[in-house]
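Biologist: I'd like to learn how to read a fold. Could you walk me through one?

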Amino acid sequence: MLIAVGSGKGAPGATTLGLGLAALWPRPDAALVECDPAGGDLWARFGHHPEPGLSALAAAATWQGPIPGFFRRRLSVGADVVLAIPGDGAAASVLTLADRGLEALRQAAATATVILDVGRLDHRSPAVALAAAADHVLLLAAPSLAQQTQVGARLPWLSHALSGKLWLVGVGDGGHGTAELSRDLGLPVIGTVPYSRWGASVLSGQLRIPNWQRLKLARAVRCIAAALCALEPEPTEQVVWRATGRSAVPPVITSPTFAGRRREAS
Ligand SMILES: Nc1ncnc2c1ncn2[C@@H]1O[C@H](COP(=O)(O)OP(=O)(O)OP(=O)(O)O)[C@@H](O)[C@H]1O
Ligand SMILES: [Mg+2]
(Lines give C-alpha, C1' and ligand atoms only; values in the text may rest on other atoms or scores of the structure.)
(Ligands and ions follow the chains in the order given, each with its own letter.)
Protein backbone atom coordinates (compact mmCIF):
# COMPACT_ATOMS: atom_id res chain seq x y z
CA MET A 1 0.00 0.00 0.00
CA LEU A 2 1.28 3.45 -0.94
CA ILE A 3 0.27 6.16 1.51
CA ALA A 4 1.05 9.89 1.27
CA VAL A 5 0.93 12.15 4.31
CA GLY A 6 0.89 15.92 3.83
CA SER A 7 -0.67 19.19 4.83
CA GLY A 8 -1.97 22.44 3.39
CA LYS A 9 -0.10 25.12 5.27
CA GLY A 10 1.56 25.44 8.66
CA ALA A 11 3.20 22.52 10.39
CA PRO A 12 0.30 20.44 11.69
CA GLY A 13 2.46 17.32 12.22
CA ALA A 14 2.68 15.49 8.87
CA THR A 15 6.22 14.26 9.45
CA THR A 16 5.34 13.19 12.99
CA LEU A 17 2.32 11.23 11.78
CA GLY A 18 4.24 9.67 8.88
CA LEU A 19 6.96 8.51 11.24
CA GLY A 20 4.41 7.27 13.77
CA LEU A 21 2.67 5.22 11.09
CA ALA A 22 5.95 3.67 9.97
CA ALA A 23 6.91 2.85 13.57
CA LEU A 24 3.53 1.50 14.66
CA TRP A 25 2.30 -0.19 11.48
CA PRO A 26 0.73 -3.55 12.39
CA ARG A 27 3.15 -5.41 10.11
CA PRO A 28 6.93 -5.02 10.14
CA ASP A 29 7.01 -4.10 6.45
CA ALA A 30 6.47 -0.33 6.60
CA ALA A 31 8.97 2.32 5.58
CA LEU A 32 8.71 6.10 5.49
CA VAL A 33 10.25 8.07 2.63
CA GLU A 34 10.85 11.76 3.33
CA CYS A 35 9.67 13.36 0.09
CA ASP A 36 9.15 16.88 1.37
CA PRO A 37 10.58 19.22 -1.30
CA ALA A 38 11.36 21.69 1.48
CA GLY A 39 13.86 19.19 2.90
CA GLY A 40 14.07 16.47 5.51
CA ASP A 41 13.90 16.95 9.27
CA LEU A 42 14.34 13.46 10.63
CA TRP A 43 18.11 13.15 10.09
CA ALA A 44 18.65 16.09 12.46
CA ARG A 45 15.96 15.04 14.92
CA PHE A 46 17.38 11.52 15.24
CA GLY A 47 21.04 12.23 14.63
CA HIS A 48 21.62 10.24 11.45
CA HIS A 49 23.51 11.23 8.33
CA PRO A 50 20.92 11.87 5.60
CA GLU A 51 22.91 10.03 2.93
CA PRO A 52 22.49 7.60 1.34
CA GLY A 53 18.82 8.52 1.42
CA LEU A 54 16.30 10.18 -0.83
CA SER A 55 18.85 11.60 -3.29
CA ALA A 56 20.51 8.20 -3.78
CA LEU A 57 17.14 6.45 -4.00
CA ALA A 58 15.94 8.91 -6.65
CA ALA A 59 19.20 8.51 -8.57
CA ALA A 60 18.85 4.70 -8.47
CA ALA A 61 15.18 5.03 -9.47
CA THR A 62 14.86 1.57 -10.96
CA TRP A 63 15.29 -0.78 -8.01
CA GLN A 64 12.95 -3.75 -7.87
CA GLY A 65 10.89 -5.06 -4.95
CA PRO A 66 11.03 -3.49 -1.49
CA ILE A 67 13.07 -0.32 -1.01
CA PRO A 68 16.64 -1.62 -0.57
CA GLY A 69 18.05 -1.49 2.96
CA PHE A 70 21.02 0.52 1.66
CA PHE A 71 18.79 3.63 1.43
CA ARG A 72 16.97 3.14 4.75
CA ARG A 73 17.89 4.03 8.31
CA ARG A 74 16.33 2.36 11.36
CA LEU A 75 15.45 5.18 13.79
CA SER A 76 15.28 4.76 17.55
CA VAL A 77 11.47 4.63 17.47
CA GLY A 78 11.75 1.46 15.40
CA ALA A 79 10.81 2.94 12.03
CA ASP A 80 12.68 2.43 8.76
CA VAL A 81 13.12 5.78 7.01
CA VAL A 82 14.63 7.02 3.76
CA LEU A 83 16.02 10.33 4.98
CA ALA A 84 16.19 13.52 2.95
CA ILE A 85 18.77 16.27 3.10
CA PRO A 86 17.66 19.57 4.63
CA GLY A 87 16.77 22.55 2.50
CA ASP A 88 15.09 22.88 -0.84
CA GLY A 89 17.90 20.91 -2.50
CA ALA A 90 15.67 17.93 -1.69
CA ALA A 91 13.16 19.20 -4.26
CA ALA A 92 15.39 18.03 -7.13
CA SER A 93 15.40 14.50 -5.70
CA VAL A 94 11.62 14.57 -5.23
CA LEU A 95 11.29 15.65 -8.84
CA THR A 96 13.61 12.86 -10.03
CA LEU A 97 11.78 10.27 -7.94
CA ALA A 98 8.43 11.43 -9.30
CA ASP A 99 9.81 11.43 -12.81
CA ARG A 100 11.72 8.15 -12.89
CA GLY A 101 10.98 6.20 -9.72
CA LEU A 102 7.18 6.07 -9.57
CA GLU A 103 6.96 2.58 -11.00
CA ALA A 104 9.59 1.27 -8.57
CA LEU A 105 7.76 2.94 -5.67
CA ARG A 106 4.47 1.39 -6.71
CA GLN A 107 6.11 -2.01 -7.04
CA ALA A 108 7.65 -1.67 -3.59
CA ALA A 109 4.21 -0.76 -2.26
CA ALA A 110 2.66 -3.85 -3.84
CA THR A 111 4.37 -6.11 -1.31
CA ALA A 112 4.98 -3.73 1.59
CA THR A 113 3.74 -0.48 3.08
CA VAL A 114 5.42 2.65 1.76
CA ILE A 115 4.57 5.93 3.44
CA LEU A 116 5.55 9.17 1.70
CA ASP A 117 5.93 12.41 3.66
CA VAL A 118 4.97 14.84 0.89
CA GLY A 119 5.10 17.96 3.07
CA ARG A 120 2.97 21.02 2.36
CA LEU A 121 1.03 20.48 -0.83
CA ASP A 122 0.74 23.32 -3.30
CA HIS A 123 0.21 22.98 -7.01
CA ARG A 124 3.87 23.73 -7.82
CA SER A 125 5.19 21.05 -5.50
CA PRO A 126 6.96 18.17 -7.25
CA ALA A 127 5.61 15.94 -4.48
CA VAL A 128 2.08 16.27 -5.87
CA ALA A 129 3.01 13.71 -8.53
CA LEU A 130 3.99 11.28 -5.75
CA ALA A 131 0.79 11.97 -3.81
CA ALA A 132 -1.12 11.47 -7.06
CA ALA A 133 0.16 7.89 -7.29
CA ALA A 134 -0.70 6.97 -3.69
CA ASP A 135 -3.57 4.68 -2.76
CA HIS A 136 -4.42 6.93 0.19
CA VAL A 137 -3.54 10.57 0.82
CA LEU A 138 -3.79 11.81 4.40
CA LEU A 139 -4.16 15.56 4.76
CA LEU A 140 -3.62 16.96 8.23
CA ALA A 141 -5.56 20.02 9.35
CA ALA A 142 -6.41 21.59 12.68
CA PRO A 143 -10.02 22.58 13.19
CA SER A 144 -9.48 26.30 12.69
CA LEU A 145 -10.86 28.66 10.06
CA ALA A 146 -7.34 29.35 8.78
CA GLN A 147 -6.55 25.65 8.23
CA GLN A 148 -9.98 25.00 6.81
CA THR A 149 -9.61 27.71 4.20
CA GLN A 150 -6.04 26.64 3.36
CA VAL A 151 -7.12 23.06 2.74
CA GLY A 152 -10.38 24.15 1.08
CA ALA A 153 -8.50 26.34 -1.40
CA ARG A 154 -6.38 23.35 -2.46
CA LEU A 155 -9.17 20.81 -2.80
CA PRO A 156 -10.36 21.66 -6.34
CA TRP A 157 -7.01 20.90 -8.01
CA LEU A 158 -5.82 18.38 -5.43
CA SER A 159 -8.82 16.07 -5.63
CA HIS A 160 -8.56 16.30 -9.39
CA ALA A 161 -4.85 15.37 -9.37
CA LEU A 162 -5.08 12.34 -7.07
CA SER A 163 -5.81 8.83 -8.20
CA GLY A 164 -6.20 7.45 -4.66
CA LYS A 165 -8.52 8.34 -1.82
CA LEU A 166 -8.14 11.66 -0.01
CA TRP A 167 -8.64 11.61 3.76
CA LEU A 168 -8.69 14.28 6.42
CA VAL A 169 -6.72 13.80 9.63
CA GLY A 170 -7.91 16.09 12.39
CA VAL A 171 -5.25 17.61 14.61
CA GLY A 172 -5.39 18.52 18.26
CA ASP A 173 -9.03 17.79 18.83
CA GLY A 174 -10.71 14.46 18.68
CA GLY A 175 -14.28 15.52 18.36
CA HIS A 176 -16.60 18.21 17.25
CA GLY A 177 -14.06 20.47 15.52
CA THR A 178 -12.82 17.74 13.22
CA ALA A 179 -16.35 16.60 12.41
CA GLU A 180 -17.30 20.15 11.45
CA LEU A 181 -14.13 20.53 9.39
CA SER A 182 -14.88 17.28 7.60
CA ARG A 183 -18.45 18.35 6.87
CA ASP A 184 -17.43 21.80 5.62
CA LEU A 185 -14.65 20.43 3.40
CA GLY A 186 -16.62 17.41 2.28
CA LEU A 187 -13.69 15.13 3.17
CA PRO A 188 -13.95 11.86 5.10
CA VAL A 189 -11.96 11.61 8.34
CA ILE A 190 -9.59 8.67 8.79
CA GLY A 191 -8.63 9.66 12.33
CA THR A 192 -7.50 12.41 14.65
CA VAL A 193 -4.11 13.15 16.13
CA PRO A 194 -4.34 14.57 19.65
CA TYR A 195 -1.98 17.18 21.00
CA SER A 196 0.63 15.23 22.93
CA ARG A 197 3.83 16.86 24.07
CA TRP A 198 5.40 13.59 25.19
CA GLY A 199 4.30 11.62 22.16
CA ALA A 200 5.56 14.30 19.78
CA SER A 201 8.85 14.52 21.69
CA VAL A 202 9.40 10.78 21.24
CA LEU A 203 8.58 11.00 17.53
CA SER A 204 10.95 13.92 17.10
CA GLY A 205 13.84 12.14 18.79
CA GLN A 206 13.94 14.39 21.86
CA LEU A 207 12.70 11.85 24.40
CA ARG A 208 13.05 8.14 24.86
CA ILE A 209 10.22 6.68 26.89
CA PRO A 210 9.82 2.96 27.46
CA ASN A 211 6.36 1.86 26.34
CA TRP A 212 5.84 5.11 24.43
CA GLN A 213 3.50 3.08 22.25
CA ARG A 214 0.94 3.47 25.05
CA LEU A 215 0.91 7.27 24.89
CA LYS A 216 -2.27 8.82 23.50
CA LEU A 217 -0.54 10.00 20.33
CA ALA A 218 0.73 6.49 19.61
CA ARG A 219 -2.72 5.03 20.29
CA ALA A 220 -4.27 7.50 17.85
CA VAL A 221 -1.65 6.71 15.18
CA ARG A 222 -2.29 2.98 15.64
CA CYS A 223 -6.02 3.59 15.08
CA ILE A 224 -5.25 5.37 11.80
CA ALA A 225 -2.92 2.53 10.76
CA ALA A 226 -5.62 -0.03 11.59
CA ALA A 227 -8.21 1.96 9.60
CA LEU A 228 -5.87 2.02 6.58
CA CYS A 229 -5.09 -1.70 6.90
CA ALA A 230 -8.81 -2.43 6.97
CA LEU A 231 -9.08 -0.73 3.57
CA GLU A 232 -6.52 -3.06 2.01
CA PRO A 233 -8.14 -5.38 -0.50
CA GLU A 234 -8.39 -8.97 0.66
CA PRO A 235 -5.56 -11.00 -0.81
CA THR A 236 -7.30 -13.21 -3.34
CA GLU A 237 -5.34 -16.28 -4.26
CA GLN A 238 -4.74 -16.96 -7.90
CA VAL A 239 -3.38 -20.22 -9.14
CA VAL A 240 -0.80 -19.81 -11.87
CA TRP A 241 0.22 -22.95 -13.73
CA ARG A 242 3.77 -23.02 -14.91
CA ALA A 243 4.50 -25.19 -17.89
CA THR A 244 8.07 -26.45 -18.10
CA GLY A 245 8.88 -28.63 -21.04
CA ARG A 246 6.78 -31.75 -21.17
CA SER A 247 5.31 -31.85 -17.65
CA ALA A 248 3.54 -29.12 -15.72
CA VAL A 249 5.05 -28.30 -12.32
CA PRO A 250 2.82 -27.79 -9.25
CA PRO A 251 0.89 -24.51 -9.23
CA VAL A 252 2.33 -21.39 -7.67
CA ILE A 253 -0.20 -19.61 -5.49
CA THR A 254 0.22 -15.88 -5.77
CA SER A 255 -1.55 -13.08 -4.02
CA PRO A 256 -1.67 -9.61 -5.59
CA THR A 257 -1.25 -7.80 -2.28
CA PHE A 258 1.11 -10.16 -0.54
CA ALA A 259 3.03 -11.43 -3.51
CA GLY A 260 6.15 -11.56 -1.34
CA ARG A 261 4.60 -14.42 0.60
CA ARG A 262 4.45 -16.59 -2.44
CA ARG A 263 4.36 -20.25 -1.57
CA GLU A 264 4.43 -23.34 -3.64
CA ALA A 265 1.62 -25.83 -3.34
CA SER A 266 2.82 -29.31 -2.65
N1 LIG B 1 0.35 15.65 17.95
C2 LIG B 1 1.28 16.54 18.29
N3 LIG B 1 1.27 17.06 19.54
C4 LIG B 1 2.20 17.95 19.92
N5 LIG B 1 3.19 18.40 19.14
C6 LIG B 1 3.25 17.91 17.88
C7 LIG B 1 2.32 16.97 17.40
N8 LIG B 1 2.63 16.66 16.13
C9 LIG B 1 3.72 17.38 15.83
N10 LIG B 1 4.10 18.12 16.88
C11 LIG B 1 5.26 19.02 16.92
O12 LIG B 1 5.02 20.07 15.99
C13 LIG B 1 6.22 20.39 15.30
C14 LIG B 1 6.02 20.21 13.81
O15 LIG B 1 5.76 18.84 13.57
P16 LIG B 1 6.10 18.18 12.17
O17 LIG B 1 7.50 18.44 11.78
O18 LIG B 1 5.65 16.77 12.25
O19 LIG B 1 5.10 19.02 11.26
P20 LIG B 1 5.02 19.08 9.66
O21 LIG B 1 3.57 19.20 9.34
O22 LIG B 1 5.76 17.95 9.09
O23 LIG B 1 5.77 20.44 9.37
P24 LIG B 1 6.45 20.93 7.99
O25 LIG B 1 5.33 21.22 7.05
O26 LIG B 1 7.22 22.15 8.39
O27 LIG B 1 7.34 19.81 7.51
C28 LIG B 1 7.31 19.48 15.85
O29 LIG B 1 8.00 20.16 16.87
C30 LIG B 1 6.51 18.31 16.46
O31 LIG B 1 7.20 17.70 17.54
MG1 LIG C 1 7.34 17.84 7.78
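Modeller: Happy to; we'll take the sheet, then a helix pair, then the ligand shell. This is a predicted model, where local features need pLDDT of at least 70, side-chain atom pairs count only at pLDDT 80 or more, and totals for chains, interfaces and linings use all residues. Residues are numbered from 1 along each chain as its sequence is written, while chains are lettered from A and ligands numbered from 1 in the order in which they are written.

Biologist: In what order do the eight strands run in the sheet?

Modeller: Strands of a sheet pair through backbone hydrogen bonds, either parallel or antiparallel. Here the sheet is open and mixed, ordered 3-4-2-5-1-6-7-8; strands are DSSP E runs of at least two residues, helices H or I runs of at least four, both numbered from the N terminus, and pairing takes at least two DSSP bridges. Strand 3 (73-74) and strand 8 (189-193) are at the edges with a single partner strand each, so one side of each lacks a neighbour in the sheet. Strand 8 pairs with strand 7 (residues 165-171) in the parallel sense over four bridges.

Biologist: At what angle do helix 1 and helix 10 pack?

Modeller: About 75 degrees, with axes 9 Å apart; axes are lines fitted to C-alpha atoms, for helices over the stretch in contact, and angles run from 0 to 180 degrees between N-to-C directions. That makes helix 1 roughly perpendicular to helix 10 (65 to 115 degrees).

Biologist: Which residues come nearest to ligand 1?

Modeller: Of the 18 around ligand 1, they are A11, G13, T15, T16 and A200 (C-beta, placed from the backbone, within 6 Å). Helix 1 gives the most to this shell, three residues.

Terms used
Angles under 35 degrees count as roughly parallel, over 145 as roughly antiparallel, 65 to 115 as roughly perpendicular and the rest as oblique.
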